[in-house]
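Here is a short briefing to read alongside the model. Have the viewer open and follow along topic by topic.

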Amino acid sequence: MGQTAHQYLIFETAAGFCGIAWSERGITRFQLPTKSAEATARLLLRRVPGAEPQEPPPAVAEAVAAVKRYFEGEETDFSGFELDLEEQDSLFKQIYAATRMIPWGRTTTYGALAKELGAGPEAARDVGQAMAKNPVALIIPCHRVLAAGGKVGGFSAPGGASTKLRMLELEGVHLGPPEPAQQSLAF
C-alpha cells in the first residue's frame, strides 16, 4: 500500500466480525464478516500490512455504525462516506463511483453498468474485474451487481456467492426460482 499510514478496527456485527481500515484521506479497506475477530484481522491485514489498530476518527466511526445497522437489516446508504481509492486505476474508480449510486434493494448487471459508463458490452469484463478487486465491499456495493440474466455471478468475499445472496436478501432482493403459483396435488 505504498507509504500511506493505515489504521484499522475489527468490530462485531449481527453477521459476524468485520474490519475497516483507513488513511488520513478516507476508508481504504473493508472486510466483510467472518466468524472470528482473528480471521477478519488476518484477511484485512493481508491487504494492509503494517496497519495499526486504532480507535476510529468520527467519520470512520459513523461508517462502523452504518455497517452494524446494515447487518441488522436496516436500510443503509454508504454513498456519502469518504474513500481513499488512490491505488485504483482511473477505470476502476469510474466503475466504483457508478456502483456507489446503486441504492439499497436494487441491482444491475455487469453489462448494464458498463453501458452506463458509455462502454460497450466487452467492458462488462472490466466491471467484473473491478467488482472482484473491490477494496471496500459493501461500502461500494458490489453485491448489487449481477451477471447477465440476473444470475448471481461470483463474489470474492468469505462465503462466496451465498454471502452475496444473503446480503441481497437482507435488502429484500430474492434471486431464487419463483414460488409456484399453486401447490401440486398429491395423487
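Helices (H or I, at least four residues) and strands (E, at least two) are DSSP runs, numbered from the N terminus. With that in hand, Ala 21 is found in strand 2. This is a predicted model, where local features need pLDDT of at least 70 and side-chain atom pairs count only at pLDDT 80 or more, while totals for chains, interfaces and linings use all residues. Residues are numbered from 1 along each chain as its sequence is written, and side-chain values use heavy atoms, with hydrogens and water left out.

**The sheet**

- Two strands pair if DSSP finds at least two bridges between them; on that basis there is an open sheet of 4 strands, in the order 3-2-1-4, with mixed pairing.
- Strand 3 and strand 4 (52-53) stand at the edges, and each has a single partner strand, so one side of each lacks a neighbour in the sheet.
- Strand 1 and strand 2 run antiparallel and are joined by 7 bridges; a hairpin connects strand 1 to strand 2 through 2 residues.
- Along this pairing, Leu 9 stands opposite Ile 20 in strand 2, and Glu 12 stands opposite Phe 17 in strand 2.
- Strand 2 also pairs with strand 3 in the antiparallel sense, over 6 bridges, and these two strands form a hairpin with 2 residues between them.
- Strand 1 and strand 4 run parallel, joined by 2 bridges; Gln 7 has Glu 52 in strand 4 as its bridge partner.
- As background, strands of a sheet pair through backbone hydrogen bonds, either parallel or antiparallel.

- Buried means under 20% relative accessible area, exposed over 50%, and partly exposed in between (1.4 Å probe, protein chains only).
- Strand 2 is largely enclosed by the rest of the structure, because 7 of its 8 residues are buried.
- Ala 21 is buried, with a relative accessible area of 0%, and its bridge partner in strand 3 is Arg 29.
- Contact means heavy atoms within 4.5 Å; leaving aside neighbours within four places in sequence, Ala 21 is in contact with Gln 7, Tyr 8, Ile 27, Thr 28, Arg 29, Leu 44 and Val 48.
- Val 48 is 27 residues from Ala 21 along the chain, and the C-alpha atoms of the two are separated by 7.7 Å.

**Nonpolar cores**

- A nonpolar core is a set of buried Ala, Val, Leu, Ile, Met, Phe, Trp, Tyr and Cys residues joined through side-chain atoms within 4.5 Å.
- The largest nonpolar core has 44 residues, and those with the most contacts inside it are Ile 20, Ile 27, Phe 30, Leu 32, Met 131 and Leu 138.
- Elements that each supply at least two residues of this core include strand 1 (7-13), strand 2 (16-23), strand 3 (26-34), helix 3 (90-99) and helix 5 (124-132).
- Helix 2 gives the largest share of this core, 7 residues.
- Each of domain 1 (7-72) and domain 2 (90-171) contributes at least three residues to this core.
- Apart from this core lies another, of 5 residues, among them Tyr 8, Ala 21, Leu 44 and Ala 51.

- Helix 2 lies across strand 1, strand 2 and strand 3, and runs at about 25° to strand 1; axes here are lines fitted to C-alpha atoms, for helices over the stretch in contact, and angles run from 0 to 180 degrees between N-to-C directions.
- The domain assignment of the protein gives domain 1 (7-72) and domain 2 (90-171), with bounds that come from an automatic or database domain assignment.
- The centres of domain 1 and domain 2, taken over C-alpha atoms, are separated by 21 Å.
- The contact takes 13 residues from domain 1 and 14 residues from domain 2.

**Cysteines**

- A disulfide is a pair of cysteine sulfur atoms within 2.5 Å, and by this rule the count comes to 0 disulfides.
- Cys 18 is in no disulfide, and the nearest cysteine sulfur, that of Cys 142, is 13 Å away.
- Cys 18 counts as buried because its relative accessibility is 0%.
- Cys 142 also counts as buried, at 5% relative accessibility.
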